[in-house]
Amino acid sequence: MKTLFKFISFASLIMMLACGDRDPQPVENNTLFLRNKGADMPIWVKGNRPSNKIILYVHGGPGDCAMCYRYYLKGLEAEAMVAYWDQRVAGASSGKVAEGTLRYAQFSEDMGYVLKLLKKQYPGAEIHLLAHSFGVELSWQYLTAGNNQQEVAGVIVVNGMFSFANWLAAVREWALREAKRKGNTEAETYLLAHPVTPHNAATIEWEPIYRWMYKLGGNPVSLYDNGKYLIDYAFNSPNTALAQFTHGRAYSYYGNVESRRFEKGPLLKDIRIPVGLFWGVKDGVVPVEVGEATKKFLTNASVGEVYFSESWHEPFITETDKFNRAVLDFVR
Amino acid sequence: MRYLFIFSILLRLTVTNTLAQSLRVGYYGETVTHYGLKIAAEWSLKNRVRERNQARKELLAGPALAVYRHPQNHIGLVFFPELAYRRTSRRGGIFELGLAPASSYYFLEGTTYTPDESGDLRRVRWAGQNAFLPTVFVRVGKDLSMQRQARLAWFSRLNVMQQRPYNTSALMRFSLETGVAFPLKKP
């Protein structure tokens, strides 16, 4: 009995260690860190080095993590290198960071150095941004300043906003539509009583509107519902357990002040690099109407659109294969 | 020759007097894939054996050093000055509670660059950071010497730690230890 128990324990251990997915070959597997203004930000570069193409994943949040999504984005690594960058304070980033650095301008400066570092490590490589949610705000912040857009070959925008006022109005419209459809009179009454205009967007209480959107099914997808993902995250992620859940409060200035002033619409006409607008159509967090409005402002860029009809806020989770194929088509 | 003899006697006495009560060696890590090793020594500051059930109660102190690796993230060194209260039952069951105002230093496991004043990136060798790591722990195990099975004890221990500073504030961390303790002196 004792021997059998030992055998089962040993076999379980071997199976647990062997359950990680194998990396596609040929493989680049490089860990870099950018140290800037108190933050040590990791950048993991993985994938096909001979392709000489890098997809820089600009994660959302703020405060999400890049490697959390590698489980879904790994399909990209067969044909390109993917650079998974954890922004300051997010994911596995560490250091001693002043809360006052959690501003768009600082994130944008960090992004500039990340691109510089990637170009230093991979001379001649073509870099594309794959920006999701908050990562889209960050990308517009970076790309609409100076000549920054010359540093990248293109940007894929996934369910992210360019203007707080436009976004909040779209969220309210989405929630109101759903409230009517579902016959939720309490939500409908609240939303009708709180219209969002460009004039009140910076002062209106946005959180109740956002909460109604969630309650009405704005994004029912959770990473933690997928057991296989959780096992992969627990055993294959470089993140320290709980590290990404420690810093929520640090973004209060972003939530209460800075994001509310965010407006890049008039500057999007200056974007001249190719833009891919990838959107989960069912999303209430950043509704598809925001994508349509983004397109109207991108008057001087070549814009490709890909819609994911079965997806909410993270189409790479719900329609992984279609998403990865569309990204590779964009960067080819 | 006479000096050598005196020196040997002094050395022998010193070692005998300062020898730790036991040495612990064990696995130290957050998970199987975030792994490490820890070595510790401990001295008994005070002990008492209850006459009724022969359980031994001790106040222990000692240093410990752990090295661990979070692949693709960092390699850490932790120094724990530990203070613990331990109860060992007549049959050898160990229950221990303790605390350690630990300090750590970690090295980033990757090539690190930082911008200089002109905005160019320069490499930072041995990039890392130190941190205060106050720890409380609970340990269970069995002292096999109590029933004369072997001069050995096995144990498992859970550490709850807070890393300061970490980003804008602090990070709650956990680690597990499991290993063996070798008594160096008879209790």
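Predicted model: local features only at pLDDT ≥ 70, side-chain atom pairs only at ≥ 80, totals over all residues.
When neighbours within four places in sequence are left aside, Leu118(A) is in contact with Ile43(A), Val45(A), Ile54(A), Leu56(A), Ala83(A) and Ile127(A).

In chain B, eight strands form a closed barrel in the order β1-β2-β3-β4-β5-β8-β9-β10, with antiparallel pairing. Direction ignored, neighbouring strands of this sheet are turned by 25° against each other on average. Strands β9 (residues 153-166) and β10 (residues 169-183) of chain B pair in the antiparallel sense over 12 bridges, and Gln163(B) stands opposite Leu171(B) of β10(B).

Between the two chains, 40 residues of chain A are in contact with 36 residues of chain B. Chain A and chain B bury about 3,100 Å² between them, of which 54% is on carbon and sulfur atoms. On the side of chain A, the residues that lose the most area to chain B are Phe33(A), Arg35(A) and Thr240(A), which together account for 23% of what that side buries. One salt bridge is found across this interface; the side chains of Asp120(B) and Lys116(A) meet in a salt bridge at 4.0 Å, N to O.

Over all chains, the structure holds 29 salt bridges. Within chain A, the side chains of Glu28(A) and Arg49(A) meet at 3.6 Å, N to O, and this pair links distant parts of the chain, with Glu28(A) in strand β1 and Arg49(A) in the loop between β2 and β3, 21 residues apart. Glu28(A) is buried, with a relative accessible area of 11%, whereas Arg49(A) counts as partly exposed at 40% relative accessibility.

Within chain B, Glu82(B) and Arg24(B) form a salt bridge at 2.9 Å, N to O; Glu82(B) lies in strand β4 and Arg24(B) in strand β1, so the pair ties together parts that are 58 residues apart in sequence. Both Glu82(B) and Arg24(B) are buried. The side chains of Arg86(B) and Glu42(B) meet in a salt bridge at 2.6 Å, N to O, linking strand β4 with strand β2 of chain B across 44 residues. Arg86(B) counts as buried at 6% relative accessibility, as does Glu42(B) at 5%. Through shared partners, salt bridges join Arg24(B), Lys38(B), Glu42(B), Glu82(B), Arg86(B), Glu96(B), Arg139(B), Arg157(B) and Glu177(B) into one network.

Key. Residues numbered from 1 in each chain as written. Chains lettered and ligands numbered in written order. Heavy atoms only, no water. Contact = heavy atoms within 4.5 Å. Pairing = 2+ DSSP bridges. Helix = DSSP H or I, 4+ residues; strand = E, 2+ residues; numbered from the N terminus. Axes fitted to C-alpha atoms, helices over the stretch in contact; angles between N-to-C directions. Buried area = accessible area lost by both parts, 1.4 Å probe. Buried < 20%, exposed > 50% of the residue type's maximum accessible area, 1.4 Å probe, protein only.
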